[in-house]
Amino acid sequence: MATVYLNGEAIENYGVIVTGLTDWLDVPRTEYPVVEIPGAPGVRLVGGIAPKSSPRQMTMTCYLNTAATLAERRSKLAALALACRGLIEWSTSEDTNRACYGVLEEGAGRGIQEEALANPFALLTLRFTAHDPHWYQKVPTLLALPSGERVSLPLGSAPCRGVITINHGESGSGTVEAVLRDKTGTMLQTLTLTGVTLATDDSVVLDSINFEAWRYLAATNTWSNVTANLTTAGQDFFVFDPLDQPTLALSNGYDGSVAYRKAEQL
Amino acid sequence: MSRGAIFRTPTALRSLALFAWDGRDNEDVARTGQALTFVRNDPAWAMGTEGKLFRVQEDQPRFAYHKATGAYGMLIEPTAVTNACTQPKNFASWTVVNSPSRVAAACDLGVLKLDYLTDDSGSLQEYYSLAQTLAAAQYVVSLYISRGYTANSGQITLADVTPTTRLDAQINWTGDVPSLAMTTGTALQVEEVPNVLSPLGYKVYRISMLAVSASAGAGTLTVRPVKTAASTGQMYAGGVQVEQITTGQTGPRSYIHLASGVRAAETAYWSIAFAPVALTLYTSFVNLGVAEVAGTIIGLGHDGTGTQPNGSLVLNREIATGRFDAIYKSGGVSYTAQRSLTAPTYGQRVELRAVLRAGGGAAATATAPLTIGVSVNSAAETTADGGPPVVLDSAWGSSRLYAGVGSIPGFLLEALKVFPGALTMAECRSKW
């Protein structure tokens, strides 16, 4: 039976039996920048400062049970240690369609050094830290952005970032712009490219994950980085926050699509 | 060059593969660094996860979603398609017969809006008609529909110049689920569009039918919200496509939204630099548009022509014999492992694995140098070995890894990987 997958590989395949797993389903601790105003009920959120979530720290206890010799046990542990180097994609058998990303910070063994016959069930405790504590859907959400429409973005329980593709489409002209609004229609942010026009079959990519903008010119079949053409005032790349229940729209007859991976707090 | 949409998992940092590409990354660079070149000289349309069509500009890959399998990947249709329907979007420019009423854009399907068509006459057939220029050929006719009047059936017909009816499909409704009853022609697909509801809360479907071969000349296409003259009723409809079929086609190809109706052939390839070694070539894709694909699905060391060069390994679908082949070609000789199986149908996930071992010399070896493994919809893999001992060429026939060569109508590429050594299907699935 598989319990936890590390980079898509069941941890049982490394010769361990998982006996305990903690904190993988906890809501991450989040610090909100707030200020209290005496005499006024509640607190006020300080504008311009994003809430900060604490890392998710998961602890897994497991037995190493299949080694006949110390050398074999060492070999299996080495394979597990190699698999755990660097950033790791975690998923669980509870829902293999979503993953959390973190690093192994500690692997404490007990009884590992003893001969297998003397201690057939050596204990291993693995501590993982995911500095971004959210779980992400493995399959992206891909939405059409038809010309002139405000498209509602289905999100999870945590904010996420995405990538917007804007096409010349069938009737596009003028300023290339993407507009993010909340559920009431109030504009939250715009991403506007100045000095960039799209001819037939041209397109633009606004990449809020890598903080870049690219333009494709069909006439020459070339891409160019147009990040510098984003106008400066209020031009932060988009974060899609489920509290806003946001909509996304493109300007001036352009159409396109948006892709993102839904994020969940737990 | 990065052009956005990197959803890559950290496995990119630890790849065991010589080559690894994952459609979910939404990215045109493989996890192992090789850059994708994608060629298609026209815009095209693809389906998002929320079931709405969007436009993709020329020379850009189409990342798309397939509801039945939950597959997300790159749609590749290596053959060009023309939509012979000159008014595909809506019925605004169709000929009105007996005054049906139309609510334009009543259902949102992204760039496509379905019309709401009503026949309110209790004595006449009220319908829409469109003159078509047909070749002497067989056509697949498809359109998007949503809930009609439950008690009464809709109808779509195609007549040729003679005039003879080449397609006569009755659209029956069970609640909001359509089914096809054919008087002329063959029913192909009733495919639910993911997560799209008409304004009244009904699901949207794409239906497709295979017409009988038509004679060349001016034909007529009709869409009737209600078939029976004495009945009244309604139906959402739009996105009509009339495409000439390719051999073995049992499903519609991707929808073409423009009246000009052309979508150029699509080609995807990556540059490779590794030398021929004992390896495993793996791919996972969803079969779209045809029951069988014919030609090369994946070609390692292939130059993209229909001819397999020396020093190349391909995974082929042989339509005539109903089997998958793994073929390594060297010195003008093809070394083949073949696996026959029931043809995967439209919308099924297919996984192929080829293991190429260096047999060395002319002597027979205990292990066959070439193995092919096939799994359909994650069922147990069937394998076959083949070929005499192989002496690997010193270089691949070309420095490219192709996806889709020759006359393959279409598939949604989920994953493509090349590993050193011999891996099992399970290892190919999980490792990167």
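This is a predicted model: local features need pLDDT of at least 70, side-chain atom pairs count only at pLDDT 80 or more; totals for chains, interfaces and linings use all residues.
Let me begin with one residue, A:S251, which is buried at a relative accessible area of 11%, where buried means under 20%, exposed means over 50% and partly exposed lies in between, with a 1.4 Å probe and protein chains only. Residues are numbered from 1 along each chain as its sequence is written, chains are lettered from A and ligands numbered from 1 in the order in which they are written, and side-chain values use heavy atoms, with hydrogens and water left out.

Back to A:S251, which sits in the loop between β20 (247-250) and β21 (255-260) of chain A; helices (H or I, at least four residues) and strands (E, at least two) are DSSP runs, numbered from the N terminus. Leaving aside residues up to four places away in sequence, A:S251 touches A:T175, A:V176 and A:E177, contact being heavy atoms within 4.5 Å. A polar atom of the A:S251 side chain lies 2.9 Å from the backbone oxygen of A:T175.

Strand β21 also belongs to an open sheet of six strands in chain A, with the order β12-β21-β14-β17-β18-β19 and antiparallel pairing, two strands being paired if DSSP finds at least two bridges between them. At the edges stand β12 (141-145) and β19 (222-225) of chain A, and because each has a single partner strand, one side of each is left without a neighbour in the sheet. Within that sheet, five bridges join β14 (residues 162-167) to β17 (residues 203-207) of chain A, and A:I164 has A:L206 as its bridge partner in β17(A).

In chain B, B:R62 and B:E77 meet in one at 2.8 Å, N to O. B:R62 lies in strand β5 (residues 62-66) and B:E77 in the loop between β6 (71-76) and β7 (81-82) of chain B, so the pair ties together parts that are 15 residues apart in sequence, and both residues are buried. Another salt bridge, at 2.7 Å from N to O, is formed by B:R429 and B:E351, linking helix α1 (residues 425-430) to strand β27 (residues 349-356) of chain B across 78 residues. Here B:R429 is partly exposed at 36% relative accessibility, whereas B:E351 is buried at 4%. Through shared partners, salt bridges also join B:R40, B:R62, B:E77, B:R263 and B:E266 into one network.

How do the two chains meet? In all, 46 residues of chain A are in contact with 40 residues of chain B. The area buried between them is about 3,300 Å², with carbon and sulfur atoms giving 55%; buried area is the accessible area (1.4 Å probe) that two parts lose on being put together, summed over both. Four salt bridges cross this interface of chain A and chain B, and B:R55 and A:D201 form a salt bridge at 3.4 Å, N to O. The elements giving two or more residues to the side of chain A that touches chain B include β9 (88-92), β18 (212-217) and β21 of chain A, and the largest share, five residues, comes from β21(A).

Methods
A polar contact is a pair of N or O atoms within 3.5 Å; within protein, one must be able to donate a hydrogen and the other to accept it, and residues adjacent in sequence count only if both atoms are side-chain atoms. A salt bridge is a side-chain nitrogen of Lys or Arg within 4 Å of a carboxyl oxygen of Asp or Glu.
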